[in-house]
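Subject: A structure for you to look at

Hello,

Here is the structure I promised to pass on. Please open it first, and then read my notes below alongside it.

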Amino acid sequence: MEYHSVLWQPRSAPIAETMLADRVRADLHLDRIIAAVAGDLDPYRLTEWLRRPLCDLDAVHYRQEVFADLASPATYRVFDEFAVALWRMRDLTKRAADQRHTRQRARWLLDAAAEYVRAVTRLRDDLAGSALTSRALTGWHDYLRELTGGADFTRLAADVEATENALGGVRFAVRIQDRTVEVGTCGGEPDYAETIANLFRRFGSGEPGLRSAPDRADPDPFETQVLDRVVELFPAPFRLLDRFAREHEDFADPGVIRFDREIHFYLRYLAVAERVTGDDRAMTLPRVTVDVDRPRVSGAFDLALALKCVAERKPLVCNDFRLDDAERILLVTGPNSGGKTTFARAVGQLVYLAALGCPVPASEARLPLPDRMFTHFERADAADDRSGRLLRELTAVRDTLAAATGRSVILLNESFASTTTADGLRIAGEVLGRIVALGAVTVFVTFLEGLAEGPATVGLVAGVDPEDPARRTYRLERRPADGQPQAAALAHRYGLTYAAVTARVTG
């Protein structure tokens, strides 16, 4: 039986992926999320997969099924313990490769193989009691049963046991007198380790234990000579060890090694999700649809920001949104620093992570599966750019409208802010008209509050505290833009509130 994959659904043709530029991941802070999942050194090369969102509904469901199985703490623990054991196996294998002494290398290899046999056998037995439902993990369990029942694995396990038992029976004594060291068989000499342990028990420092010497690349010359003398005294066990090293140099099954890498895609993502869950924040598997079928999300938040807030023990506000029937555009307005850009970024993260087949930062979600994603976030002018920000924006938006389809997702953040309000309204109105004709799902964060709203457009306004307009709530309210929060905040900032003006006039 050939191992396939727990990440990629069996398919004769390549699985379609969502098309996006690198700047999309940068604008949405997705690289921060990817780095948190993959780790600083990315030992399992997860970044490669985390940068490839899918555009195939069944391929997304294939991964969602695995995440659903791993939602069981008992099932997650089984695979996590296996992953830890395989990490130990790789560490032991590396130590074996670093050894120059032949038998020292062979012993590390034996330890690595023993760890591998125990890990694979334990996983097979533990999964026998698990209620797996995903196609990927049930297929893996079938592969594991066939692997462990095969002749190669059975022979490896038997050779590991026989070699360990043979080496475990080796007992020798070291006698040191002046500058002379003698190595011989045990002849009833007292165990000084136990004598020393009994001595230290008098000091009440707990049960004493022997500590191994620090790991080194190779034994020192004295240890090498002792080992060579022990080999002379007990040739049979070491002949068995030599044979094991020759016959099982590449003991690990390629399917097991590949599975170990792939399962970390799920385990590490769930570990990150666990860090941000709590305080009214949840991670959930979304319902994903190919067409734009009334997307709606409850309790959404920016995952990259949540990781930062959790680390700094700061609160984070969640938001809800939806698009009903013919609605396609979320027009987000409100005062500066009110959470508008964070909201747009969160929407993009939701769509991207859902396309990876992963749980998304929300308590409930129904999301489209896009064929393309586009972002246009405000960027500072470059010193060598003579075209200007407005022309650069117009060119980029033109290219987006030419490439986008009715299945695309477009995120516009403070676009056309570099021109006058009148020109900005005219340009933005025409752009939105073309997006409506396309039918693409769009989030447009803007300071332009005079944009017309129609059947395809719904307004979201960043809220402020009614008692203190200068204080942002970071909650978005589904209603048309009216400029009141921003006007109230400006009036409060410059002392032009009704109460302040009245006090001046009457004073």
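Let me begin with A106, which is buried, with a relative accessible area of 3%. That counts as buried because the cut-off is under 20% relative accessible area. Please keep in mind throughout that this is a predicted model.

Where does A106 sit? You will find A106 in helix α6, which covers residues 102–127. Which residues does A106 contact, leaving aside its neighbours within four places in sequence? They are L241 and A245.

H29 is in the loop between α1 (22–27) and α2 (30–38). Its phi is near 60°, a positive value in a residue other than glycine. Is H29 buried or exposed? H29 has a relative accessible area of 19%, so it falls under the 20% cut-off and is classed as buried.

D280 also has a positive phi, near 70°, and again the residue is not glycine. To find D280, go to the loop between α12 (254–276) and β3 (283–284). D280 counts as exposed, because its relative accessibility is 76% and the cut-off for exposed is over 50%.

Key
Residues are numbered from 1 along each chain as its sequence is written. This is a predicted model: local features need pLDDT of at least 70, side-chain atom pairs count only at pLDDT 80 or more; totals for chains, interfaces and linings use all residues. Side-chain values use heavy atoms; hydrogens and water are left out. Helices (H or I, at least four residues) and strands (E, at least two) are DSSP runs, numbered from the N terminus. Buried means under 20% relative accessible area, exposed over 50%, partly exposed in between (1.4 Å probe, protein chains only). Contact means heavy atoms within 4.5 Å.
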